[in-house]
Amino acid sequence: MSEQDKYKYCPTCSNALVLKEIEHHKVKYCDKCGFVFWNNPKPTTSVLIHKDNEILMLQRAEEPFKGFWVLPGGFVKYGESAEETIRRETKEELGASIHVKGIAGVYLIDNDPRGMHIDIIFHGVADDAITLSREDKSWAYFTKDHLPEKIAYKHREAINDWFTKGGQYS
Ligand SMILES: [Zn+2]
């Protein structure tokens with residue numbers, strides 16, 4: 001269920017929200033105090049960690065997309081820059097520091113049951129040895145011709161774009 005469907009009451013005055021079309025979008029609206037639930041996409045970050053000809057991916061241990069492979073990353077916290085997010089997430093997920101080299105691309109994630117996200121995808125290299133923080137998840141480096149079958153979000157597209165652009169070893 002999307003957040004748009006989930007939220008029923010105004011967070012300001014507790015009045016029941018109604019659907020209203022504003023700027024050509026149907027949004028939840030409070031006709032008592034004027035609150036609008038815009039349901040903006042959430043910013044998230046990912047990183048293409050490359051080594052020689054290969055890209056590092058993690059296998060998800062939890063829903064959504066349990067068992068699917070993804071690039072490391074996560075949601076931007078309040079007050080955090082996107083680059084701070086990706087450094088924190090890679091430290092948490094891989095136990096490694098990364099050297100961020102730039103942005104590989106920005107993608108609209110419209111296939112996550114939790115809602116729409118804007119995925120800011122960096123590229124970089126891992127500075128330390130990788131040790132997973134959670135045992136039930138695996139990781140591996142993949143070449144572009146041998147990517148796993150199940151890849152979540154727009155990460156297959158991002159990896160293919162990355163190799164197509166040929167910017168991988170800068
Ligand atoms: Zn209200």
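Predicted model: local features only at pLDDT ≥ 70, side-chain atom pairs only at ≥ 80, totals over all residues.
The protein chain is divided into domain 1, covering residues 3–37, and domain 2, covering residues 42–165, and the C-alpha centres of domain 1 and domain 2 are separated by 33 Å.

A zinc ion is held by four protein donors, namely the SG atoms of Cys-10, Cys-13, Cys-30 and Cys-33, which lie 2.3 Å from the metal. Along the sequence, these donor residues follow the spacing C-x2-C-x16-C-x2-C. Cys-13 is placed in the loop between helix 1 (3–6) and strand 1 (18–22), while Cys-33 belongs to the loop between strand 2 (25–29) and strand 3 (36–37), so that this pair ties together parts that are 20 residues apart in sequence. The angles subtended by the 4 donor atoms around the zinc ion run from 101 to 120 degrees, and the arrangement is therefore tetrahedral. Cys-13 is partly exposed, with a relative accessible area of 24%, and Cys-33 is likewise partly exposed, at 39%.

In domain 2, which spans residues 42–165, strand 4 (residues 42–51) pairs with strand 5 (residues 54–59) in the antiparallel sense over 2 bridges, and Lys-51 stands opposite Glu-54 of strand 5. The hairpin formed by strand 4 and strand 5 has 2 residues between the strands, and within this hairpin Asp-52 adopts a positive phi near 50 degrees. Strand 5 is also joined by 5 bridges to strand 10 (residues 139–143), the two running antiparallel, with Phe-142 of strand 10 as the bridge partner of Ile-55. A further antiparallel pairing, over 2 bridges, links strand 5 to strand 6 (residues 69–70), where Val-70 is the bridge partner of Leu-58.

Conventions
Residues numbered from 1 in each chain as written. Heavy atoms only, no water. Domains from an automatic or database assignment. Pairing = 2+ DSSP bridges. Helix = DSSP H or I, 4+ residues; strand = E, 2+ residues; numbered from the N terminus. Donors = N, O, S within 2.8 Å, 3.2 Å for Na, K, Ca; no water. Tetrahedral: all angles 85-135°; square planar, octahedral: opposite > 155°, others 65-115°. Buried < 20%, exposed > 50% of the residue type's maximum accessible area, 1.4 Å probe, protein only.
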